[in-house]
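Take a look at the sequence and the 3D structure below. We will walk through a few parts of the structure, one at a time.

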Amino acid sequence: MKTAVEIDVNSGIGTAVMPKISHSRGYSCSMLNNTQPFSEIFDPAQGQPGLIQEIPELRATKILECTQCGKCAAACPLVLSGFSFYNKRVIQTIVVGFKDLILNDSSIWACQSCNRCTEVCPMGVDPFEIMLATRRMAVREYALPTTAIEGIKSLYDTGHAVYISEAGIPRKKLGLPETPPTTTTYHEALLEVQTIMKKTVLAELGLIPMGVFGITERL
Ligand code: SF4
Ligand code: SF4
């Protein structure tokens, strides 16, 4: 698969082409809520063997040391926001092997990279790294939301996943240069970022380099 987005030739509006992941085992994300005990929702016997091997290969090597104590969840803003798959539950879902559930849900993309979970984890599991590994898995499966595509486009174009377009005036008031001393002012650094991105699975998927709409046009 080489194309991320289909373009409407009249409007120029792109629509993300996501893989259709079927719920072959008869479950549905709508069954999930943030507080329902996991054991009431899934039958662990129906999980996908092998998923637990996939995540350590994506650099989250300590997942099997998780004791499900819940400290990471207590610190996680995703829980307060009502997302179904916060750190602890992502780990649980991986262990019992329900990949489709994670990929069909936007929770992993809402992680704020605050690293609170990693700070409080008594087992040194690094739950944040597991969230990142899960995102890597999602990219490989081509299961990423359009908001993530926008972030990738911004990262490729500016070196910042979230570019602060209105930062100039406030920075000037503080006596700072209008643009921060990052890839925005050092073009060679931006080229390095782009070189790295071109070596990732993002390039294999056709997500980068990107076209005028922040996406790769279908020819
Ligand atoms: S804090 Fe660490 S051990 Fe506890 S549930 Fe979270 S990842 Fe697992
Ligand atoms: S890094 Fe992500 S998963 Fe960890 S506490 Fe912050 S938002 Fe939650």
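In which helix does S81 lie? S81 belongs to helix α3, which covers residues 77-81. Keep in mind that this model is predicted.

Is S81 buried or exposed? Count the other C-beta atoms within 10 Å: there are 12. A residue with 12 or fewer counts as exposed, so S81 is exposed. Next, pair S81 with S107. Along the chain they are 26 residues apart.

Move on to helix α8, residues 127-140. Its length can be checked. The helix has 14 residues, and at 1.5 Å a residue they should span 20 Å.

Which residues of α8 are buried? They are P127, F128, I130, M131, A133, T134, M137 and A138. These buried residues pack against several other helices: α1 (51-57), α2 (71-75), α4 (87-96), α5 (99-103), α6 (107-110) and α7 (116-120). After α8 comes Y142, with a positive phi near 65°.

Finally, turn to ligand 1. Around ligand 1 there are 14 residues. Those that come nearest are C66, C69, C72, C121 and V125. Two elements, α2 and α4, each give two or more residues to this shell. Which element gives the most? That is α4, with three residues. Sorted by class, the shell holds eight nonpolar, four polar and two charged residues.

Methods. Residues numbered from 1 in each chain as written. Chains lettered and ligands numbered in written order. Predicted model: local features only at pLDDT ≥ 70, side-chain atom pairs only at ≥ 80, totals over all residues. Helix = DSSP H or I, 4+ residues; strand = E, 2+ residues; numbered from the N terminus. Expected span 1.5 Å × (residues − 1). Buried ≥ 20, exposed ≤ 12 C-beta atoms within 10 Å, placed from the backbone. Contact = placed C-beta atoms within 7 Å. Near = placed C-beta within 6 Å. Nonpolar A, V, L, I, M, F, W, Y, C, P; charged D, E, K, R; others polar.
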